[in-house]
Amino acid sequence: MQQRPYRGRLAPSPTGLLHVGHACTFWTAYRRVAAHNGTLVFRNEDLDPQRSKPELAQAMLEDLRWLGIRWQEGPDTGGPFAPYEQSRRRELYLETWRKLRDRGHIYPCTCSRKDLAAAAAAPNEDDDEPIYPGRCREKIYQAKSYHSPAGVNWRFLVPAGEAVAFDDLRQGPQSFMAGQDFGDFIVWRRDDVPAYQLAVVADDAAMQITEVVRGADLLKSTARQLLLVRALALPVPAYYHCDLVRDADGLRLAKRHDALSLRTLREQGRTPEQVLCMCS
Ligand SMILES: [Zn+2]
């Protein structure tokens with residue numbers, strides 16, 4: 001098989017200011033692109049219209065430039081796979097939704113928030129999406145009667161009992177059990193917003209990303225995304241999940257509500273070198 005030219009990406013969400021944890025991950029992504037003589041893509045993951053703010057998108061670009069990171073393609077520089085804002089890529093996500101629907105991988109879920117709360121077993125510790133008990137699975141036979149995804153949640157039917165394994169370039173061999181470590185996850189939200197998993201898989205393939213560098217908190221998401229990649233018959237990227245940055249008490253920086261933003265550090269007079277020294 002011919003080796004594809006290395007393409008990496010930075011994919012922040014403009015829902016808050018970038019902090020040290022982001023800086024470390026993005027710096028690693030930048031260095032890996034440089035080491036491979038590759039191309040770095042900046043993708044603004046502004047999918048959620050409620051939580052995304054244009055001024056935060058601007059701040060992300062400025063903060064990463066201040067840190068010394070340079071990218072070849074992005075919302076500010078353009079490039080062959082534009083647009084680089086997820087809010088402008090809806091047609092691709094709809095096409096992806098249609099493929100998943102037609103191939104029998106997703107079903108409409110009409111459970112209310114209340115139904116789900118009552119049915120949920122103990123929520124898994126490090127993940128925000130509780131395991132769905134599967135009560136709408138039989139609706140997979142109605143999927144093709146939907147011409148648009150709006151109005152219900154759409155879930156991916158996971159192969160329960162199958163181990164999804166991959167070799168992470170940083171964290172080593174990984175394996176997650178479908179149906180046990182994660183359940184039928186949402187690919188399209190009732191409020192007509194594509195879910196993170198679907199958008200990321202569609203974009204990484206469309207932008208020809210060969211290596212995904214991101215934080216180790218997304219290892220389990222990678223297992224979900226690999227199922228989507230397979231269902232859509234897309235090329236599988238390599239994965240490199242960075243160690244999470246913790247403070248002196250061992251608490252993840254991302255979980256601290258006073259997490260040090262790059263903005264704050266910069267205003268306090270810290271240099272990019274001093275910020276990068278906080279990375280493990
Ligand atoms: Zn349901």
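The zinc ion is coordinated by four side chains, with C109 (SG), C111 (SG), Y132 (OH) and C136 (SG) as donors at 2.1 to 2.3 Å, where a donor is an N, O or S atom within 2.8 Å of the metal (3.2 Å for Na, K and Ca) and water is not among the atoms, so that sites may look incomplete. This is a predicted model, in which local features need pLDDT of at least 70 and side-chain atom pairs count only at pLDDT 80 or more, while totals for chains, interfaces and linings use all residues. Residues are numbered from 1 along each chain as its sequence is written, and side-chain values use heavy atoms, with hydrogens and water left out.

**Zinc site**

- The 4 donor atoms around the zinc ion subtend angles of 97 to 126°, and the arrangement is therefore tetrahedral, a label that four donors receive if all angles lie between 85 and 135 degrees. (Four donors count as square planar and six as octahedral if opposite donors are over 155 degrees apart and all others between 65 and 115, and anything else is irregular.)
- Along the chain, the donors of the zinc ion follow the spacing C-x1-C-x20-Y-x3-C.
- Two of the coordinating residues, Y132 and C136, are both buried, where buried means under 20% relative accessible area, exposed means over 50% and partly exposed lies in between (1.4 Å probe, protein chains only).

- Side chains of opposite charge can pair when their charged atoms come close.
- D204 and R43 meet through their side chains in a salt bridge at 2.9 Å, N to O. Because D204 lies in helix α5 (residues 196-206) and R43 in the loop between β2 (39-42) and α2 (54-67), this pair ties together parts that are 161 residues apart in sequence; helices (H or I, at least four residues) and strands (E, at least two) are DSSP runs numbered from the N terminus.
- Both partners of that pair are covered, since D204 is buried with a relative accessible area of 7% and R43 is buried with a relative accessible area of 0%.
- A salt bridge of 2.6 Å, N to O, joins the side chains of D203 and R89. D203 lies in helix α5 and R89 in the loop between α2 and α3 (90-102), so the pair ties together parts that are 114 residues apart in sequence, and both D203 and R89 are buried.
- R137 and D184 meet in a salt bridge between their side chains at 2.8 Å, N to O. R137 lies in the loop between α4 (113-119) and β4 (153-156), and D184 in the loop between β6 (172-177) and β7 (186-188), so this pair ties together parts that are 47 residues apart in sequence.
- R137 is partly exposed, with a relative accessible area of 30%, whereas D184, at 3% relative accessibility, counts as buried.
- A network of salt bridges links R9, R43, E45, R89, D203 and D204.

**Strands and their pairing**

- Strand β8 (residues 211-215) and β9 run parallel and are joined by 5 bridges, and two strands are taken to pair if DSSP finds at least two bridges between them. Within this pairing, V212 stands opposite Y239 in β9.
- Strand β9 (residues 238-242) is mostly covered, with 4 of its 5 residues buried.
- Together, β8, helix α6 (residues 219-231) and β9 make a right-handed β-α-β unit; a crossover is right-handed if, with the strands pointing away from the viewer, the path from the first strand over the helix to the second runs clockwise.
- β5 and β6 run antiparallel and are joined by 6 bridges, with a hairpin of 3 residues leading from β5 to β6, and D168 stands opposite G172 in β6.
- Strand β5 (residues 163-168) has V164, F166 and D168 on a covered face and A163, A165 and D167 on an uncovered one.

**Buried helix residues**

- L265 lies in helix α7 (residues 262-267) and is buried, with a relative accessible area of 0%. Not counting residues up to four places away in sequence, L265 touches V20, L260, R270, V275 and M278, contact meaning heavy atoms within 4.5 Å.
- L265 and V275 are 10 residues apart in sequence and 7.7 Å apart in space, C-alpha to C-alpha.
- T96 lies in helix α3 and is buried, with a relative accessible area of 8%; T96 touches L198, A202 and L232, again not counting residues up to four places away in sequence.

Terms used. A salt bridge is a side-chain nitrogen of Lys or Arg within 4 Å of a carboxyl oxygen of Asp or Glu.
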